[in-house]
Amino acid sequence: MKLSARNQFKGKIIDIQEGAVNGIVKIDIGAGNVMSATISMNAIKELGLAVGKEAYAVVKATSVMVGVDE
């Protein structure tokens, strides 16, 4: 797989929360870090996503928000 996005994190799917239209996929990318993405149920099925399978979390963003604790 080749993509223009530079932020690609390979990991293992640890959870999929299925909804009527969208699902939330959680990927353990190592070092105690988990990334989650909301994608369509059609995409989940077409990609054959399942807990325990390897997948990539790919981040392509035009802005990043920064926050601090109060």
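From start to end of the sequence, this predicted model runs through the pattern β-β-β-α-β. That comes to 1 helix and 4 strands for the chain. The points below take you through the sheet first, then the chain as a whole.

- The 4 strands make an open sheet, and their order across it is 3-2-1-4.
- The pairing in this sheet is antiparallel.

**A pairing to look at**
- Strand 1, residues 7-18, pairs with strand 4 in the antiparallel sense, over 6 bridges.
- To see where the two strands meet, look for Gln-8, whose bridge partner in strand 4 is Val-58.

**Overall dimensions and contacts**
- Along the principal axes, the C-alpha atoms of the chain fill a box of roughly 40 × 30 × 25 Å.
- Of the contacts in the chain with a separation of 6 or more, 43% are between residues 24 or more positions apart.

**Surface and charge**
- Of the 70 residues in the chain, 16% are buried.
- The chain exposes about 5,600 Å², and 51% of this area is supplied by carbon and sulfur atoms.
- There are 8 positive and 7 negative side chains in the chain.
- The centres of these two sets of charges lie 13 Å apart.

Key:
Residues are numbered from 1 along each chain as its sequence is written. This is a predicted model: local features need pLDDT of at least 70, side-chain atom pairs count only at pLDDT 80 or more; totals for chains, interfaces and linings use all residues. Side-chain values use heavy atoms; hydrogens and water are left out. Buried means under 20% relative accessible area, exposed over 50%, partly exposed in between (1.4 Å probe, protein chains only). Contact means heavy atoms within 4.5 Å. Accessible areas come from the Shrake-Rupley method with a 1.4 Å probe; for residues, only the protein chains shown count as cover. Lys and Arg count as positive and Asp and Glu as negative; His and the chain ends are not counted. The place of a charge is taken as NZ of Lys, CZ of Arg, CG of Asp or CD of Glu. Two strands pair if DSSP finds at least two bridges between them.
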